[in-house]
Amino acid sequence: MKQTRYESGLQMLRQIDGTGGEGVIRSLEDIAPDIGRQIIEFAFGDIYTRKTLTLQEREMITIASLLAIGGCEPQLEVHINGSLNVGISPEKIIETFMQCIPYAGFPRVLNAVFTAKKVFAEIQGKTP
């Protein structure tokens, strides 16, 4: 039987973001459950399940996009974790941010680097 968009999106969300992604969806249940459903169905069910890019490539594009937009540190934190979950090394995450300096500027790159520092420390069981 073919999976629904929601089912395939939820499976992809769990694969990439684990409990962090599910926490975001749960946090929307009492105020905007339709946004959570759209995240699962559209972003993870329609976009992340496409075949041309790998999950690593998708996550690198995602963290670079969130950095460039700026002010998205909570989402960036979730996707830095997702990047680690799909096998991107901390060094490659920082290098991805370095690549953004000429285009997004130092302030946004520094915000992303400090967000990554927090995530890396949490994973190692330390406080940043």
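User: What are the ground rules for numbering and confidence?

Analyst: Residues are numbered from 1 along each chain as its sequence is written, and side-chain values use heavy atoms, with hydrogens and water left out. The model is predicted, so local features need pLDDT of at least 70 and side-chain atom pairs count only at pLDDT 80 or more, while totals for chains, interfaces and linings use all residues.

User: How many helices and strands does the protein chain have?

Analyst: The protein chain has seven helices and zero strands; helices (H or I, at least four residues) and strands (E, at least two) are DSSP runs, numbered from the N terminus. The order of elements from the N terminus is α-α-α-α-α-α-α.

User: Why is the protein chain called as compact as a globular protein of its length?

Analyst: Its radius of gyration is 15 Å, close to the 14 Å that the globule rule gives for 128 residues, so the chain is as compact as a globular protein of that length. The radius is taken over C-alpha atoms, and the rule is 2.2 Å times the number of residues to the power 0.38. Along the principal axes, the C-alpha atoms fill a box of roughly 45 × 35 × 25 Å.

User: What share of the contacts joins residues 24 or more positions apart?

Analyst: Such pairs account for 64% of the contacts with a separation of 6 or more, where contact means heavy atoms within 4.5 Å.

User: Why is S83 called buried?

Analyst: Buried means under 20% relative accessible area, exposed over 50%, and partly exposed in between (1.4 Å probe, protein chains only). S83 has a relative accessible area of 0%, and therefore counts as buried. This serine is found in helix α4 (residues 73-85). Not counting residues up to four places away in sequence, S83 touches E59, I63, I88 and I93. Over the whole protein chain, 38% of the 128 residues count as buried.

User: E73 is in helix α4 too. Is E73 buried, partly exposed or exposed?

Analyst: E73 is partly exposed, because its relative accessibility is 25%. Leaving aside neighbours within four places in sequence, E73 is in contact with N111 and T115. From F44, E73 is 29 residues away in sequence and 20 Å away in space, C-alpha to C-alpha.

User: What makes F44 and Y48 a stacked pair?

Analyst: Rings of Phe, Tyr and Trp (its six-membered ring) pair if their centres lie within 6.5 Å; planes under 30 degrees apart count as stacked, over 60 as edge-to-face and the rest as tilted. A search of the whole structure finds one aromatic pair. In that pair, F44 and Y48 are 4.6 Å centre to centre with 10° between the planes, which is stacked. F44 is buried because its relative accessibility is 4%, and Y48 is buried because its relative accessible area is 8%.

User: How do you know that E22 and R14 form a salt bridge?

Analyst: A salt bridge is a side-chain nitrogen of Lys or Arg within 4 Å of a carboxyl oxygen of Asp or Glu. The closest N and O atoms of E22 and R14 are 3.0 Å apart, and the pair is a salt bridge. E22, at 23% relative accessibility, is partly exposed, and R14, at 45%, is partly exposed. The whole structure holds six salt bridges.

User: Which salt bridges does R37 form with D34 and E41, and at what N to O distances?

Analyst: R37 bridges to D34, with the closest N and O atoms 3.7 Å apart. These two are three residues apart in helix α2 (residues 33-47), so about one helical turn separates them. R37 also meets E41 in a salt bridge at 3.1 Å, N to O. R37 and E41 lie four residues apart in helix α2, about one turn of the helix. Salt bridges that share partners join R5, D34, R37, E41 and D46 into one network.

User: Are R37 and E41 buried, partly exposed or exposed?

Analyst: R37 is partly exposed because its relative accessibility is 31%, whereas E41, at 13%, counts as buried.
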